[in-house]
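Subject: Structure for your review

Dear colleague,

Please find below the structure that I am passing on to you. My notes on it follow directly after.

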Amino acid sequence: MNARICFFVLALSSTSALAHEPRLLSALSAIDVVPTPAQLDRLTRDVPAALAAVAVDAALHEYLRERATSLLSFYPTPATAARLEAIANASPPGRVRWMAGYTRMRAFAVADPAGALAFAQVWGRSDTAADREAAVRGLRWIAGASADGELTRIERGETDKMVLAALRRVRTVRAGQGTP
């Protein structure tokens, strides 16, 4: 059985999966392709709402939830920013929470840099290392001295190896010495 079918079977094994559009779950199950916004738009009427519903459904496989969260980046509207913040703040530590926080910063770094920076500042002060690491990685995409200042603030007191490695990588890329 190929991996795509396995993930789809995992998704449908949950009774809550019946509440989601099966074609959307199938698209989210793919591991070798990323659906385009146009493809997603053909699957359901309100794609951002449908993706957010999958993202918060704890009965679904984490891969589907993380993927749905990431694909919200295709819809950079204020409503999507609010959805991502809600998912990030309501999710327990883990991949879905990390992806929601990172996507909130990355997807809105150009469309809403002030909002992305404000979110990064909150997460950069988190007690959870994974949140701080997501903030660092999200700050990589936010232009300007304020983002640089936030990276410096995080760096000052940081001791977590994962966060420090992300800081080194982001500093290298922001200095133009690495690939994006």
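The chain of this predicted model contains eleven helices and zero strands. Read from the N terminus, its elements follow the order α-α-α-α-α-α-α-α-α-α-α.

Turning to the chain as a whole, 45% of its 180 residues count as buried. The accessible surface amounts to about 9,000 Å², and carbon and sulfur atoms account for 57% of that surface. Where contacts link residues at least 6 apart in sequence, 60% of them join residues at least 24 apart.

Helix α2 spans residues 22–29 and helix α5 spans residues 62–71; their axes lie 9 Å apart and the two pack at an angle of about 95°. Because angles of 65 to 115 degrees count as roughly perpendicular, α2 and α5 are described as roughly perpendicular to each other. On the α2 side, the residues in contact are Leu 25, Ala 27, Leu 28 and Ser 29, and they meet Tyr 63, Leu 64, Arg 67, Ala 68 and Leu 71 of α5. Sorted by class, this contact of α2 with α5 comprises seven nonpolar residues, one polar residue and one charged residue.

The other site concerns Lys 161, which belongs to helix α11, residues 161–174. Lys 161 has a relative accessible area of 72% and is therefore exposed, the cut-off for that term being over 50%. Between Lys 161 and Glu 133 the C-alpha to C-alpha distance is 9.8 Å, and the two are 28 residues apart in sequence.

With kind regards

Terms used. Residues numbered from 1 in each chain as written. Predicted model: local features only at pLDDT ≥ 70, side-chain atom pairs only at ≥ 80, totals over all residues. Heavy atoms only, no water. Helix = DSSP H or I, 4+ residues; strand = E, 2+ residues; numbered from the N terminus. Buried < 20%, exposed > 50% of the residue type's maximum accessible area, 1.4 Å probe, protein only. Axes fitted to C-alpha atoms, helices over the stretch in contact; angles between N-to-C directions. Parallel < 35°, antiparallel > 145°, perpendicular 65-115°, else oblique. Contact = heavy atoms within 4.5 Å. Nonpolar A, V, L, I, M, F, W, Y, C, P; charged D, E, K, R; others polar. Areas by Shrake-Rupley, 256 points an atom, 1.4 Å probe, with all protein chains shown as cover.
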